[in-house]
Amino acid sequence: MKAKFVMTCGILFGLSACASTGTLQSTQPGTKLSGLVTRGAVEPHRVEVSLDGKMYTGEWRTTAPTPEQKAATSYPHQKHIGQVRSTLKASDGGTLDCHWDTHGETAEGSCSSGDRSYPLILK
């Protein structure tokens, strides 16, 4: 029993050591919008976006690229592109609908709430 516990703790520690964090930044000057994408060893990763004093959270799952992404990317790089679609939720029930086109560890996209859209890039 003790050996299993120690091994489980070691694996969890090892996986947490593999985590990385990317910063989401707004491309609109003066917008109070920011966020983090925390990547672990496997998806789904965690995404958090702060907007107007509220924290929205959800999952970051990369799916196949769009045909437009494929057309704009040369063959060797196509294995590094994809898209993310997430609905982030706040504790008060509010939502942000977000989408990003990814390329390796970076992404460009936006989150929208109602009729407002907020561009965000991942660096």
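**Figure 1. Thr63 stands opposite Gln83 in E6.** This is a predicted model, in which local features need pLDDT of at least 70 and side-chain atom pairs count only at pLDDT 80 or more, while totals for chains, interfaces and linings use all residues. Residues are numbered from 1 along each chain as its sequence is written, and side-chain values use heavy atoms, with hydrogens and water left out. Strand E5 (residues 62–63) pairs with E6 in the antiparallel sense, over 2 bridges. Strands (E, at least two residues) and helices (H or I, at least four) are DSSP runs numbered from the N terminus. Two strands pair if DSSP finds at least two bridges between them.

**Figure 2. E6 and E7 form a hairpin.** The two strands run antiparallel and are joined by 9 bridges. Arg85 stands opposite His99 in E7. Between the strands there are 5 residues, and Gly93 in the turn has a positive phi of about 95°. In a regular strand the side chains alternate between the two faces of the sheet.

**Figure 3. Cys98 and Cys111 form a disulfide.** The sulfur atoms are 2.0 Å apart; a disulfide is defined as a pair of cysteine sulfur atoms within 2.5 Å. A search of the whole structure finds 1 disulfide. Cys98 lies in strand E7 (residues 95–103) and Cys111 in strand E8 (residues 106–113), so the pair ties together parts that are 13 residues apart in sequence. The torsion about the S-S bond is about 110°, so the disulfide is right-handed. Both Cys98 and Cys111 are buried, where buried means under 20% relative accessible area, exposed over 50%, and partly exposed in between (1.4 Å probe, protein chains only).

**Figure 4. Arg39 and Glu105 meet in a salt bridge.** The N to O distance between the side chains is 2.8 Å. Arg39 lies in strand E2 (residues 33–39) and Glu105 in the loop between E7 and E8, so the pair ties together parts that are 66 residues apart in sequence. Arg39 counts as buried because its relative accessibility is 12%. Glu105, at 51% relative accessibility, counts as exposed. The structure has 4 salt bridges by the rule that a side-chain nitrogen of Lys or Arg lies within 4 Å of a carboxyl oxygen of Asp or Glu.

**Figure 5. Two further salt bridges are those of Lys54 with Asp92 and of Glu59 with Arg61.** For Lys54 and Asp92 the N to O distance is 2.9 Å. Lys54 lies in strand E4 (residues 54–60) and Asp92 in the loop between strand E6 (81–89) and E7, so this pair ties together parts that are 38 residues apart in sequence. Lys54 is partly exposed at 30% relative accessibility, and Asp92 is exposed at 52%. For Glu59 and Arg61 the N to O distance is 3.0 Å. Glu59 is partly exposed at 41% relative accessibility; Arg61 is partly exposed at 41%.

**Figure 6. Trp60 and Trp100 form a tilted aromatic pair.** A pair of aromatic rings is described by the distance of the centres and the angle of the planes. Rings of Phe, Tyr and Trp (its six-membered ring) pair if their centres lie within 6.5 Å; planes under 30 degrees apart count as stacked, over 60 as edge-to-face and the rest as tilted. By this rule the count comes to 1 aromatic pair. The centres of the Trp60 and Trp100 rings are 4.8 Å apart, with 35° between the planes. The pair links distant parts of the chain, with Trp60 in strand E4 and Trp100 in strand E7, 40 residues apart. Trp60 and Trp100 are buried.

**Figure 7. Gln69 is found in helix H2 (residues 67–71).** At 10% relative accessibility, Gln69 counts as buried. Not counting residues up to four places away in sequence, Gln69 touches Ile81, Gly82, Gln83, Asp101 and Thr102. Contact means heavy atoms within 4.5 Å.

Figure 8. Most residues other than glycine have a negative phi, and most peptide bonds are trans. The peptide bond from Glu43 to Pro44 is cis, with omega near 10°. Asp52, a residue other than glycine, has a positive phi, near 50°.
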